[in-house]
Protein chains: 2
Amino acid sequence: MLPYHSLIVFDEKTNRPVYRFIANRLISLIQHGTLLPGTFLPGTREMAVLLKLHRNTIIKAYNELIAQGWAEAIDRKGIQIIAELPIVKPRSFNPVKNFPVSEHHRNGEREVNADHRFIPITEKKPDIVVNDGFPDPSLAPVEEILKEYRKYMKPNVLKELLAIKQMGGNQELRASTAKFLSESRGLNILPENVLITHGAQMAIYIAALLLIKPGDEIVVSEPSYFIADELFRNLGAKVNRVPVDQDGIDIAALTEVLRSKDIKLMYIIPHHHHPTTVTMTASRRITLLNLIRTYNLWVIEDDYDYDFHYQNSPILPLASADHQGQIIYIGSFTKILAPSFRVGYMVAGADFVSKAINTRRFIDLGGDTVMEAAISSLIESGELSRHIKRSKKVYQNRCELVCKLLTKELPHMVTFTKPQGGMALWLQFASAYPLSVVLPILAQHGIQMIGSAYYKGVNKNYNHIRFGFASLSEDEMRKIVSCLKDIAPKT
Amino acid sequence: MLPYHSLIVFDEKTNRPVYRFIANRLISLIQHGTLLPGTFLPGTREMAVLLKLHRNTIIKAYNELIAQGWAEAIDRKGIQIIAELPIVKPRSFNPVKNFPVSEHHRNGEREVNADHRFIPITEKKPDIVVNDGFPDPSLAPVEEILKEYRKYMKPNVLKELLAIKQMGGNQELRASTAKFLSESRGLNILPENVLITHGAQMAIYIAALLLIKPGDEIVVSEPSYFIADELFRNLGAKVNRVPVDQDGIDIAALTEVLRSKDIKLMYIIPHHHHPTTVTMTASRRITLLNLIRTYNLWVIEDDYDYDFHYQNSPILPLASADHQGQIIYIGSFTKILAPSFRVGYMVAGADFVSKAINTRRFIDLGGDTVMEAAISSLIESGELSRHIKRSKKVYQNRCELVCKLLTKELPHMVTFTKPQGGMALWLQFASAYPLSVVLPILAQHGIQMIGSAYYKGVNKNYNHIRFGFASLSEDEMRKIVSCLKDIAPKT
């Protein structure tokens, strides 16, 4: 007889009924070929003793096996594993954690290029995290959001709300987003021009998927948002890079590329460029719009934190200008609220949006309708605008403060241009302080820098990192600065 | 002078300051080439009269233009649009809704195949919606969920929770999901084997993206879940179809296909198959497991509503058996809670999961951490299991009731096999009642059937539809049945 008492060992703390657990174990023993077809199980009394369980538990477990068609009761002989089951070749059990996947892995060109700039998360919980430039969750209007959640999660309201899945996103949110964008960004759009996505990244993904064919020539800035960059490469695009200076993308260099190659698409971040934080000037924008028309370019305009501009108001997006529908405008409410509220949007021509909706079904059957309805209410009530105004003040002060601190305390170590807006600085470290040295030291002191880092050598002559200040307290800023101050130059 | 009063018309109900609106309009006039470089704007007094606004508003709007670099103040002459701005070729303004996208649309093989089975949503709000088989939102444990939301959305808790984005999903949820699946499905897994996704669809998408190369031969059942089917075709897979009978997929036919072709991947729904609701028998599962090993197949096992089985307990998934890591197991919490709570998971080998995480970044930077943490708490507290138990009873009663009604009232019209579980019936309509006739009639009576429909002719000899009963009240069921009863046969 099998050593059931050692084969069936169970977790006391389980929520599941014990008989279910026993039955499941017996079934897996059958499936693994340990318990062979035709075998008679021990009598319920005997098994109860073996497993130190009440006999009724065993009886229920056996009935379970019979009910599921794994075993049958034979008069006066007991419970037998069905003999007709095809024999399973017995083999050692491989717990899933030992899956030797790579051996099977034949996905070739589907292989994803990991990016060295993607910083792995350390095991130990850090005291301070400096992110890529995220809003401060402790400023989020959680009470207002919870109030809305409570409103929409009343059983009948919820049933009503979810009766029909709106593939383009919650109807009210599409409408209020169209209104919000028309007022704040001078876009002239209708709800049908808006696709609500699960974060801006999904909007970038869908736009790229619809527009990029393997071998297509595209243009991005150098440097550019690295996840989008990886995405385009993984879709098979040939990526041309045009440098960014203090006024935005280098128009002369761009023109040269457009002249020399058949460029299909441009990915651009004119406002608080990622990673450099540069905002493109008005005159360059107009030249760019002319180039877009002349070369009939598709454009993905990524405007991830438009609403947080500190010097006067933000400059209107390219998509607000007259164009033939080739500018796909992408933004997010996540940057306004908090990283947990992943609601982004794509603005495009109605038929492009309907194509995007069709594609989106493959990726994601829809967003969190309750959250979408809640955000729509926040827009309609004006709470979203009030929240933007409130938090913008806080971020602006934090920006001033961190810039002062760095300029005063670390002139020998870091250089940067104070951004016109956004939630991060683009810090260049002096060559005597390579990030490969600085970041581990900070980590040792419990300071985790998770912003996009461009290491010296690995990325040409970079030695830069995105320094998200928006969610840092003054105290945290001072700690980071004093920790940096203690680092000795590499000679 | 330009007819500013007609060019600048604004919405009284805007949340935005009026001066911002005026500035935005003037900027778009510049961008559209209506307001030409070098033009002097009317004096602030004059403009105030033109637009019937207070002069200070105009002054602020003009300052805005200057601040944004669109205009400059010329001594004793007024405000001039910067002359150095490159001239924009004037052209008629095309509102975004008129984007002539198709003309530009050159994405060829990226074109998405729309599916005729995807039923468009009617404008008029229906009285009753019969879905594809979704849970009843009014049963969802909203109070418990809101309690958890409130807990995790306390400012500092939230900040802590969101400090570092867990790309694989909230750590606690990965751990409790591993525990939940081990207990309920006999899987033997660790948190590292679990990827939390924004709904099961995203898990299917990522698995397919990693495994399917254009030209790869794959196997699916006939019929099969149509969105997955479209996805595979869009990824360039050659799709082989094997019929489903009352015991599940036809093993003999499958073996034949495996013998004759180099099949890389199989997509299968052994438990409450979609759309047919059939549950695969134990003995077929064992044969199937042997075939998977013999032919070294990749398998995507879609187990979308495992937890709602009415006859005894559900049969353990294929992934719970001994395999070499080629079975990717996919499930969802959405079907347990409500369509708004889009949290799904992929279970696979640790290195497959890490590849999936890397790919997921392109599509979606992460889930709703608060919701994920809340669901984890529901699992740990046992509330999720209690909710499953409660709602399962309700759905089982609704299943009994709808089956009785249909058998009693509509024997001449519909045939079906009572499912062992799940939230939908697979209704075959007699050929005298083609869906193309029945569905519009129902719609006229305010009954919208949005379940997957397989129309006669379009899909071979089908005349079937998924009839989701789980969220229907007895009253609604009776209304639908009596409405169907009045439909005359097509002669």
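This is a predicted model: local features need pLDDT of at least 70, side-chain atom pairs count only at pLDDT 80 or more; totals for chains, interfaces and linings use all residues.
How many aromatic pairs does a search of the whole structure find over all chains? The search finds 20.

**Stop 1: A:W426 and A:Y462**

Select A:W426 and A:Y462. Their ring centres are 6.5 Å apart and their planes stand at 70°, so this pair is edge-to-face. A:W426 sits in strand β13 (residues 424–429) of chain A, while A:Y462 is in the loop between β15 (453–454) and β16 (464–468) of chain A. The two residues are 36 apart in the chain, and the pair links distant parts of it. A:W426 is buried, at a relative accessible area of 12%; A:Y462 is buried too, at 13%.

**Stop 2: B:F180 and B:F333**

Move to chain B and select B:F180 with B:F333. This aromatic pair is tilted, with 6.0 Å from centre to centre and 45° between the planes. B:F180 belongs to helix α8 (residues 171–185) of chain B, and B:F333 to the loop between β10 (327–332) and β11 (344–347) of chain B, so the pair ties together parts 153 residues apart in sequence. B:F180 has a relative accessibility of 3% and counts as buried. B:F333 is buried as well, at 0%.

**Stop 3: an aromatic cluster in chain A**

Select A:F180, A:F333 and A:Y345. These residues form one aromatic cluster.

**Stop 4: α15(A) and α17(A)**

Show helix α15 (residues 383–409) and helix α17 (residues 474–485) of chain A. Their axes come within 11 Å and cross at roughly 20°; the two helices are therefore roughly parallel to each other. The crossing is right-handed. For the contact, select A:R398, A:L401, A:V402, A:L405, A:L406 and A:E409 on α15(A), then A:E474, A:M477, A:R478, A:V481 and A:K485 on α17(A). Coloured by type, the contact residues of α15(A) with α17(A) come out as six nonpolar, no polar and five charged.

**Stop 5: α6(B) and α14(B)**

Which helix of chain B packs with helix α6 (residues 142–152) at an angle of about 125°? It is helix α14 (residues 369–380) of chain B, and the axes are 9 Å apart. That angle makes α6(B) oblique to α14(B). The crossing of α6(B) and α14(B) is right-handed. From α6(B), select B:E144, B:I145, B:E148, B:Y149, B:K151 and B:Y152; they meet B:V370, B:M371, B:A373, B:A374, B:S377 and B:L378 in α14(B). The residues of this contact between α6(B) and α14(B) are eight nonpolar, one polar and three charged.

Technical notes. Residues are numbered from 1 along each chain as its sequence is written. Chains are lettered from A and ligands numbered from 1 in the order in which they are written. Side-chain values use heavy atoms; hydrogens and water are left out. Rings of Phe, Tyr and Trp (its six-membered ring) pair if their centres lie within 6.5 Å; planes under 30 degrees apart count as stacked, over 60 as edge-to-face and the rest as tilted. Helices (H or I, at least four residues) and strands (E, at least two) are DSSP runs, numbered from the N terminus. Buried means under 20% relative accessible area, exposed over 50%, partly exposed in between (1.4 Å probe, protein chains only). Axes are lines fitted to C-alpha atoms, for helices over the stretch in contact, and angles run from 0 to 180 degrees between N-to-C directions. Angles under 35 degrees count as roughly parallel, over 145 as roughly antiparallel, 65 to 115 as roughly perpendicular and the rest as oblique. A crossing is left-handed if the near helix is turned anticlockwise from the far one by less than a right angle, and right-handed if clockwise. Contact means heavy atoms within 4.5 Å. Ala, Val, Leu, Ile, Met, Phe, Trp, Tyr, Cys and Pro count as nonpolar, Asp, Glu, Lys and Arg as charged, and the others, Gly among them, as polar.
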